[in-house]
Amino acid sequence: MRKNCVRKKFLALALVLLVLGGCTRVKTGEKDTGQAVDTEAAPQSEEPVIGLILTSEDAGENEEIISRFREEAEAAGARLEVRIPEVAEKDAREAAALTEHFVLCQVDPIEFQMLFVNELVAEDADVIAIWANHGEALEPVLAAARSVGIRICAFGREVGEESCDLYAEIEEAPAKAAGLL
């Protein structure tokens with residue numbers, strides 16, 4: 001009985017190896033020389049990406065800011081990726097007012113922005129423009145984004161020098177962020 005079970009496991013393993021081995025073969029009709037073949041096309045020049053992270057979903061100025069960023073992105077030949085935390089403006093203001101004890105409080109607005117920075121890094125954004133809910137709390141993720149070559153434009157609320165390339169007033173932020181491309 002045990003011998004039969006071992007045989008079945010061996011056959012299952014052999015089948016998996018055969019299937020996986022077949023997936024790595026060249027399927028273009030060429031003779032397999034045993035060398036790896038790069039089937040990816042040459043990288044095409046992608047349009048630059050500006051990531052825009054705002055403070056809350058119900059902030060009154062969101063539409064105007066997004067519109068101005070979109071205009072600047074189009075003028076620069078870039079794509080705009082907008083991220084807005086699913087939190088109320090009241091919660092975003094409370095998060096901004098937290099002091100050194102923010103770790104002990106509910107900080108969803110800050111956590112959303114941290115996640116958005118990480119998403120934009122993963123999507124290879126060229127520039128991230130952020131209206132930070134809490135400058136000190138966001139400094140580590142912004143500094144990490146800078147360390148992989150993403151330029152950071154903070155506006156609305158200042159963050160530390162180590163975590164952004166430039167700070168802009170709200171009115172200037174779209175043009176300055178596009179200028180970082």
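Analyst: What follows covers the fold, the core and the surface. This is a predicted model: local features need pLDDT of at least 70, side-chain atom pairs count only at pLDDT 80 or more, and totals for chains, interfaces and linings use all residues. Residues are numbered from 1 along each chain as its sequence is written, and side-chain values use heavy atoms, with hydrogens and water left out.

User: How many helices and strands are there?
Analyst: Six helices and five strands. These are DSSP runs (helices H or I, at least four residues; strands E, at least two), numbered from the N terminus. In sequence order the pattern is α-β-α-β-α-α-β-α-β-β-α.

User: What share of the residues is buried?
Analyst: 33% of the 181 residues. Buried means under 20% relative accessible area, exposed over 50%, partly exposed in between (1.4 Å probe, protein chains only).

User: How many residues are in the largest nonpolar core?
Analyst: It has 21 residues. A nonpolar core is a set of buried Ala, Val, Leu, Ile, Met, Phe, Trp, Tyr and Cys residues joined through side-chain atoms within 4.5 Å. Those with the most contacts inside it are I53, V117, I128, I130, L138, L142 and I152.

User: Which elements give two or more residues to this core?
Analyst: β1 (49-53), α4 (108-122), β3 (127-130), α5 (135-147) and β4 (151-155). The largest share, five residues, comes from α5.

User: Switching topic: where is E119, and is E119 buried or partly exposed?
Analyst: E119 sits in helix α4. E119 is partly exposed, at 35% relative accessible area.
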